[in-house]
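Dear colleague,

I am handing over the structure below for your attention.

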Amino acid sequence: MVPLRLISFLPALSPSSSYYNCNSSSCRCSRSAMAALPRCAFSVSTAFHGRPVSNHARFAPLWRDLEAFRLQNMQFHPKIRVRRSHRIGTRALASGADIDNGAGAQKEYDYDLFTIGAGSGGVRAARFAANLGARVAICELPFATISSENAGGVGGTCVLRGCVPKKLLVYGSKFAHEFKESRGFGWIYDSKPRHDWSSLISNKNSELQRLVGVYQSILSSAGVNLIEGRGKILDPHTAEVNGKRYTAKHILVSVGGRATVPNVPGKEWVITSDEALDLPSRPGKILIVGGGYIALEFAGIFNGLGSEVHLFVRQKKVLRGFDEEVRSIVADQLALKGIKFHFEESPEAVEKVADGQLLLRTNRGSEVGDCVMFATGRAPNTKNLGLEAVGVKLNDKGAIKVDEFSKTNLDSIWAVGDVTDRLNLTPVALMEGMAFAKTVFGNQSVKPDHASVPSAVFTQPPIGTVGLTEEQAIEKFQDVDVYTSNFRPMKATLSGLPDRAFMKIIVDATSDRILGVHMVGEDAPEILQGFAVAVKAGLTKAHLDSTVGIHPTAAEELAQMVTTSS
């Protein structure tokens, strides 16, 4: 058997298939080994019939038929040397002569794809485009925990200063509540547990460094050329990084968004979520401005770790756009944990006072704290990319306008993720990146599907949601049934804490199809991920009614709601 580098989860392929059989009586190549060859440009030291693998005619159909797959967890056989070709102009086998899928572009281009921004969407698009045979480069700023005009990092916002580090701090902050719960179950503490902020931040940063390495390895394994530096578009087929120009048949912009701060006096004293994840010490009292999910998640983090938290919300309620009952219940639960809400208060100025603290002035009064954090929104990170100069159209928020396939008004320039301001969630950016790669390099026409996208808010308690809110459903459908359940979870019966769980199902009464599922309570995001699959597949209320619940769990309540709410 000819030893080859194998990919761990290739689908089982029949060695008897005519695609993988070699008809030469003198050939010693293994049919099964040939079937497992990865779909990218490899130079292999062993030749078949005296010809390089890349010239072996029997491989051409294989390259075209294999789907894109991951290149992690590779097994390397020591008896054969395999190296990936990075030579400009080398055509990958996936771009067979009879397929014009964007790969194997004309030789005047350095790359088939040049990606600006190595966040979730950019890495996914670049990696799978390379798997599909394209010659790909991606550029990204050097790593830093706090982003700037000159710092970013492979992995992007979600991995480095968003979802991942935020969730790690949520985990850390939840122990305070769990210590309180444990007393009802017989646990006794001779002294109050003490938290070390510096240890949490140090461990978090070590994990971020590890993840940067993981993402760099993913790109390298896929054969993507990673270029460090700020990218700028010079023309529809040319990008520049650190003064060097690169040409490409396609350019993808995936630079994400950045936290914004309103232009109020004293804004220089304000931090955003970037800095909040990397403070040198935990503030004794923090004033958070904002009523969206970022503000509420950080309110829960600092509250759980022992800070006094004041939340200033411009509107009458938190979480605009979420289901009305969800909004109310989450605010009530956070207030019970000690977070102080200031509704209908807008920031007017931030001042530094004599003792080094900060004073936040609002339209209704003022409050003094150790730290002022603004979580008032994010904006597409499109400045200084050269987009306007080459004619790429932006909307009034600075987001890149794209069509249903993520293409801009210029045929060679594309954009995915938060920079397009469609649905700003990491999994959506991944989906858009994958759809782009399949469309441009996979000989498929794949539109990103933004319908029934599930989401979570890692407040304490967390929220899980998929589909329409009650208000959206009533506006869109003539006859809607709503089922709700608000109960005390089992753990709270012994802990004695005022924790609640809330669930809501919204049904189109005409078709019986479930339009939305919403939950507030422990493990809500984990539970709703499973329900998201079912909702996407057309789940009906009858399906739920015929399902036997898992007992005793909170999730079983979703299969037992039989009475509509009034």
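Setting aside neighbours within four places in sequence, Glu345 is in contact (heavy atoms within 4.5 Å) with Phe312, Val313, Arg314, Thr362, Asn363, Arg364 and Gly365. Please note that this is a predicted model, in which local features need pLDDT of at least 70 and side-chain atom pairs count only at pLDDT 80 or more, while totals for chains, interfaces and linings use all residues. Residues are numbered from 1 along each chain as its sequence is written, and side-chain values use heavy atoms, with hydrogens and water left out.

Glu345 belongs to the loop between strand S12 (340–343) and strand S13 (347–352). Helices (H or I, at least four residues) and strands (E, at least two) are DSSP runs, numbered from the N terminus. The side chain of Glu345 makes a polar contact of 3.4 Å with that of His342. By a polar contact I mean a pair of N or O atoms within 3.5 Å; within protein, one must be able to donate a hydrogen and the other to accept it, and residues adjacent in sequence count only if both atoms are side-chain atoms.

Glu345 is buried and yet has no salt bridge, the nearest side chain of opposite charge being Arg364, 5.8 Å away. Here, buried means under 20% relative accessible area, exposed over 50%, and partly exposed in between (1.4 Å probe, protein chains only). Lys and Arg count as positive and Asp and Glu as negative, whereas His and the chain ends are not counted. A salt bridge is a side-chain nitrogen of Lys or Arg within 4 Å of a carboxyl oxygen of Asp or Glu.

Arg364 does form a salt bridge with Glu344, with the closest N and O atoms 4.0 Å apart. Glu344 lies in the loop between S12 and S13 and Arg364 in the loop between strand S14 (358–362) and strand S15 (366–369), so this pair ties together parts that are 20 residues apart in sequence. Glu344 is partly exposed, at 32% relative accessible area, and Arg364 is exposed, at 55%.

In the whole structure, 23 salt bridges were found. One of them joins the side chains of Glu149 and Arg258, at 3.0 Å from N to O. This pair links distant parts of the chain, 109 residues apart: Glu149 is in the loop between strand S4 (136–140) and helix H4 (156–161), and Arg258 is in strand S9 (residues 257–259). Both residues are partly exposed, with Glu149 at 37% and Arg258 at 21%.

Glu432 and Arg422 also meet in a salt bridge, at 3.1 Å from N to O. Glu432 is in helix H11 (residues 426–441) and Arg422 in the loop between strand S18 (413–415) and H11, so the pair ties together parts that are 10 residues apart in sequence. Glu432 is buried, at 1% relative accessible area, whereas Arg422 is partly exposed, at 28%.

Cis peptide bonds join Gln460 to Pro461, with omega about 15°, and His551 to Pro552, with omega about -5°. Pro461 lies in the loop between strand S19 (455–457) and strand S20 (463–467), and Pro552 in the segment after helix H15 (541–545). Asp421, although not a glycine, has a positive phi of about 55° and is found in the loop between S18 and H11.

Yours sincerely
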